[in-house]
Amino acid sequence: MTLDIAKHLKLSNEELKQTCLFYARCQIVDQIEIMERHGRLIHKLRSTNVDELSLPELSFIAMTKSIRSLMNDRNSLRRKSYGEMDIEEIEKLSEMKIRRFFDNNTDQETVRSKLIQKWPLVVSLRTAPIKKGNKPLSFKKLALIVKKELHLEQLAPSTIFKLWHELEAKNSKKDEQ
């Protein structure tokens, strides 16, 4: 059984693990794209392998191949020249680049919204003096604390700095009125 699957996939165990991890990290839109590719591919495999493999084995092969095809498409996004590609491939890659760009920007928006939700914590940490001196907490140390509190992978001190000046400028204008 595993020999038949290995013969069709031609992947090492490490490559298979990378494929599964890629699928787990994909956005829902990409996972749906993989399932669409899976549906098309399983019918092709089923017609060519009538009695050789069972349906679950065929489904596993089709799923793995469809994930790998999306991985290859993502790797082709890194190309700088489109010389040998036809117009349809260029359009497809352009759409994928646009979607990837907006996916990356929505991550920044979620960080900002999470930060705004915990803003009272940020203000209290920033304005409260440290025991050793009368200076407030630096934005770098503040970013480390808030990053742990919000369970974020990355949080730049400049993000907190910009948001601090944006929100506190609004508050100071309200106080003046």
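On the surface of the predicted model, Ile98, Phe101 and Phe102 form a nonpolar patch, and together the three residues have about 330 Å² of accessible area. Patches are made of residues with over 30% relative accessible area and no salt bridge, with nonpolar side chains (Val, Leu, Ile, Met, Phe, Trp, Tyr) joined within 5 Å and like charges within 9 Å. Accessible areas come from the Shrake-Rupley method with a 1.4 Å probe, and for residues only the protein chains shown count as cover. Ile98 belongs to helix 5, which spans residues 87-117. Helices (H or I, at least four residues) and strands (E, at least two) are DSSP runs, numbered from the N terminus.

The model is a predicted one, in which local features need pLDDT of at least 70 and side-chain atom pairs count only at pLDDT 80 or more, whereas totals for chains, interfaces and linings use all residues. Residues are numbered from 1 along each chain as its sequence is written, and side-chain values use heavy atoms, with hydrogens and water left out.

The protein chain contains eight helices and zero strands. Along the sequence, the pattern reads α-α-α-α-α-α-α-α. Of the 177 residues of the chain, 27% count as buried, where buried means under 20% relative accessible area, exposed over 50%, and partly exposed in between (1.4 Å probe, protein chains only).

A patch of negative charge is also present on the surface, where Asp86, Glu88, Glu89, Glu91 and Glu95 gather. In this assignment Asp and Glu count as negative and Lys and Arg as positive, while His and the chain ends are not counted. The place of a charge is taken as CG of Asp, CD of Glu, NZ of Lys or CZ of Arg. Glu89 lies in helix 5 and is partly exposed, with a relative accessible area of 41%.

Side chains of opposite charge can pair when their charged atoms come close. A search of the whole structure finds three salt bridges, a salt bridge being a side-chain nitrogen of Lys or Arg within 4 Å of a carboxyl oxygen of Asp or Glu. In one of them, the side chains of Arg37 and Glu33 meet with an N to O distance of 2.9 Å. Both residues lie in helix 3 (residues 28-48), four residues apart, about one turn of the helix. An α-helix has 3.6 residues a turn, so residues three or four places apart point the same way. Arg37 counts as buried at 9% relative accessibility, whereas Glu33 is partly exposed at 22%.

A salt bridge also joins Arg112 to Glu166, with the closest N and O atoms 2.6 Å apart. Arg112 lies in helix 5 and Glu166 in helix 8 (residues 157-176), so this pair ties together parts that are 54 residues apart in sequence. Arg112 is partly exposed, with a relative accessible area of 30%, and Glu166 is partly exposed at 31%.

The side chains of Glu149 and Lys118 likewise meet in a salt bridge, at 3.8 Å from N to O. Distant parts of the chain are linked by this pair, since Glu149 lies in helix 7 (residues 139-150) and Lys118 in the loop between helix 5 and helix 6, 31 residues apart. Glu149 is partly exposed at 39% relative accessibility, as is Lys118 at 34%.

In helix 6 (residues 119-127), the buried residues are Trp119, Val122 and Arg126. These residues cover an arc of only 55 degrees around the axis, which puts them on the same side of helix 6; the arc is that of the directions from the helix axis to the C-beta atoms. Trp119 has a relative accessible area of 9% and is thus buried. Although Trp119 and Leu167 are 48 residues apart in sequence, their C-alpha atoms are 9.5 Å apart in space.

Two loop residues complete the description. Ala156, in the loop between helix 7 and helix 8, counts as partly exposed at 34% relative accessibility. Lys10 lies in the loop between helix 1 (2-9) and helix 2 (13-25). The phi angle of Lys10 is near 60 degrees, a positive value in a residue other than glycine, and Lys10 counts as exposed at 69% relative accessibility.
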